[in-house]
Structures are given as structure tokens and as C-alpha cells.
Amino acid sequence: MARASVPPLAAAALAAYLALLLLVDRGATYHQQLALGVLTWLVLAAALVPLTPRRRAQALGVVCFATIGEVTGSLIWGVYSYRLGNLPLFIPPAHGLVFLAGLSLSVALARHARLLVVGAAVAATTWALLGLTILPHRDAAGAVGVPLLLVFLWRSRFRAVYAGVFVVVGALELYGTAIGTWRWADTLPGLGIADGNPPSGVASGYVWFDVMALLTAPLALEALRRLRGPLAAPEAAITR
């Protein structure tokens with residue numbers, strides 16, 4: 001039996017898990033946070049089981065690229081910080097779940113893909129403009145990232161997936177910052193550019209993780225296939 005793509009109804013289940021995860025982490029100790037991390041890795045593993053190898057590679061690619069971004073943006077640069085001042089163990093696998101939730105949303109709304117993309121573009125643009133004009137804290141840094149997101153939504157053949165991811169990321173960013181799971185710095189460290197909490201362009205950074213994962217997944221699968229060839233050859237010779 002062929003493996004499935006991401007089920008259309010998975011978006012709601014994954015988003016609900018992520019929202020509950022952030023809520024529980026709000027008062028968790030360090031050791032309880034580690035347990036949440038182990039649980040989230042198990043949830044990601046379970047979510048990957050029914051998927052095609054290509055989808056698995058994409059999700060794991062997002063985990064890798066997003067983790068690099070987390071270490072750089074939070075631990076090294078200090079653009080944002082988590083409640084305990086660390087990088088919670090659940091964050092890397094949660095990025096994989098966010099990708100799968102956005103992908104599932106795009107599948108569920110496949111017949112309305114154009115509306116999803118246009119809606120994401122309008123929401124991102126409106127958010128950026130509000131951050132530059134009306135919102136109490138100016139969000140110049142976030143507004144810089146929005147044009148990049150708009151380019152992805154306009155030109156990429158994966159635009160529906162990126163739009164779905166934008167919806168999930170935007171909702172989780174607003175929720176996560178509201179309950180205090182993480183907080184963005186008022187200005188970009190070392191640059192002094194005003195930044196929102198969360199910034200309007202945060203989804204463009206996340207979409208970049210997706211772009212890299214979608215581009216490299218075929219290469220990773222091909223490399224794995226080539227690696228399996230030489231490893232399987234001696235076994236085949238023995239069984240002859």
C-alpha cells in the first residue's frame with residue numbers, strides 16, 4: 001500500500017498539539033521542559049510514519065535548517081529569547097510539526113489555493129503596514145522581511161504550502177509571545193532597528209527554512225539511495 005501525503009485534517013490536530021505544548025511549557029521547569037521535548041520528538045516521529053519518503057525528508061530538512069536558525073537567532077544573536085533563556089528541546093521537532101500543519105492546511109484548501117495565497121499576502125502586508133504606523137511598538141525589522149515572503153507567494157510553485165505555513169506560524173507567534181513562551185527584542189541587537197513582538201516578517205524567515213528543505217530533500221534522498229547501493233552490494237553477493 002502506497003504511503004500517503006499529509007492528511008488534510010492533520011492541520012487542526014497538529015496546531016492543537018502545538019498550542020497545548022506552548023501552554024504547558026508556560027509554567028514548566030527545566031526538567032519538565034525536557035520531558036516535553038521527548039514527547040514532541042515522539043509526536044513528530046509518529047506524524048512522519050504514514051508519509052512518503054519525500055515528505056519525510058522535507059520535514060526533517062525543516063527541522064535541521066530551523067534549528068540552525070534558532071541557534072543563530074536566539075542563542076548567538078539574541079534577536080529573541082525563550083522563557084528559561086535556553087533553546088527548549090521541543091523547539092526543533094515542533095518546527096517539523098509546524099511545517100506539516102501548514103502543508104496539511106494547503107492540502108485541505110487545495111480547491112481554494114489562490115484564495116489562501118492571496119489571503120496570506122494581504123495579511124502579511126497589512127501586518128507590516130500596521131507595524132510601521134499604528135501599533136504601539138514600531139516594527140521596521142519585521143516589515144523588511146515581508147517583501148521576501150511576498151516574492152515566495154507570487155513566484156514559487158510551492159506558494160500554497162508557504163501560505164499555509166504563514167497562517168500557522170503567524171498564529172503560533174502571536175499566541176506564543178502573548179503567553180510568554182518567548183519574547184522578541186525591542187530592537188535588533190547591534191543594529192538598533194525597531195522590531196515587533198512578534199515581528200510581521202517572522203513568517204518569511206520560517207518560509208526560508210521551508211524553501212531550503214524543499215530544495216534539498218530530493219538531493220538528500222538521492223544521496224541516501226546512492227549510499228544504500230554500495231552497502232547492499234556485499235550482502236547481495238553473500239546471498240547468491
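Predicted model: local features only at pLDDT ≥ 70, side-chain atom pairs only at ≥ 80, totals over all residues.

User: How are H1 and H4 oriented to each other: roughly parallel or roughly antiparallel?

Analyst: Helices here are DSSP runs of H or I with at least four residues, strands are runs of E with at least two, and both are numbered from the N terminus. Helix H1 spans residues 10-25 and helix H4 spans residues 91-108; their axes lie 8 Å apart at an angle of about 150°. Axes are lines fitted to C-alpha atoms, for helices over the stretch in contact, and angles run from 0 to 180 degrees between N-to-C directions. Angles under 35 degrees count as roughly parallel, over 145 as roughly antiparallel, 65 to 115 as roughly perpendicular and the rest as oblique, so the pair H1 and H4 is roughly antiparallel.

User: Which residues of H1 meet H4, and what is the handedness of the crossing?

Analyst: Contact means heavy atoms within 4.5 Å. On the H1 side the residues are Ala10, Ala11, Leu14, Tyr17 and Leu18, and they meet H4 residues that include Leu97, Leu100 and Leu105. A crossing is left-handed if the near helix is turned anticlockwise from the far one by less than a right angle, and right-handed if clockwise. The crossing of H1 and H4 is left-handed.

User: How are H3 and H4 placed relative to each other, and what is the handedness of their crossing?

Analyst: Helix H3 (residues 53-76) has an axis that comes within 8 Å of that of H4, and the two cross at roughly 130°. H3 and H4 are therefore oblique to each other. The contact involves H3 residues including Gln58, Val62 and Ala66, and H4 residues including Pro92, His95 and Phe99. The crossing of H3 and H4 is right-handed.

User: Is His95 buried or exposed, and which residues does His95 contact?

Analyst: His95 is found in helix H4. Buried means under 20% relative accessible area, exposed over 50% and partly exposed in between, with a 1.4 Å probe and protein chains only. At 10% relative accessibility, His95 therefore counts as buried. Leaving aside neighbours within four places in sequence, His95 is in contact with Val62, Ala66, Glu70 and Tyr206.

User: Which residues does Ala213 touch?

Analyst: Ala213 has its place in helix H8, residues 202-239. Its relative accessibility is 1%, so Ala213 counts as buried. Not counting residues up to four places away in sequence, Ala213 touches Gln58, Gly61, Val62 and Phe65.

User: Why do the buried residues of H6 lie on the same side?

Analyst: In helix H6 (residues 140-155), the buried residues are Ala141, Gly142, Ala143, Gly145, Val146, Leu149, Phe152 and Leu153.

User: Which exposed residues are on the face of H6 turned away from its buried side, and which residue's side-chain oxygen reaches the backbone nitrogen of Gly142?

Analyst: The face turned away from the buried side of H6 carries the exposed residues Val144, Trp154 and Arg155. At the start of H6, the backbone nitrogen of Gly142 has a side-chain oxygen within 3.0 Å, and that oxygen belongs to Asp139.

User: How far apart in space are Ala19 and Tyr175?

Analyst: Ala19 lies in helix H1 and, at 24% relative accessibility, counts as partly exposed. Leaving aside neighbours within four places in sequence, Ala19 is in contact with Leu172 and Tyr175. Ala19 and Tyr175 are 156 residues apart in sequence, and their C-alpha to C-alpha distance is 7.8 Å.

User: Which residues are in contact with Pro189?

Analyst: Pro189 is found in the loop between strand E2 (182-184) and H8. At 28% relative accessibility, Pro189 counts as partly exposed. Leaving aside neighbours within four places in sequence, Pro189 is in contact with Trp77, Gly78 and Val79.

User: Which residues are joined by a cis peptide bond?

Analyst: The bond has an omega of about 5°. The residues joined by the cis peptide bond are Asn197 and Pro198.

Note on methods. Residues numbered from 1 in each chain as written. Heavy atoms only, no water. Polar contact = N/O pair within 3.5 Å; in protein donor to acceptor, adjacent residues only side chain to side chain.
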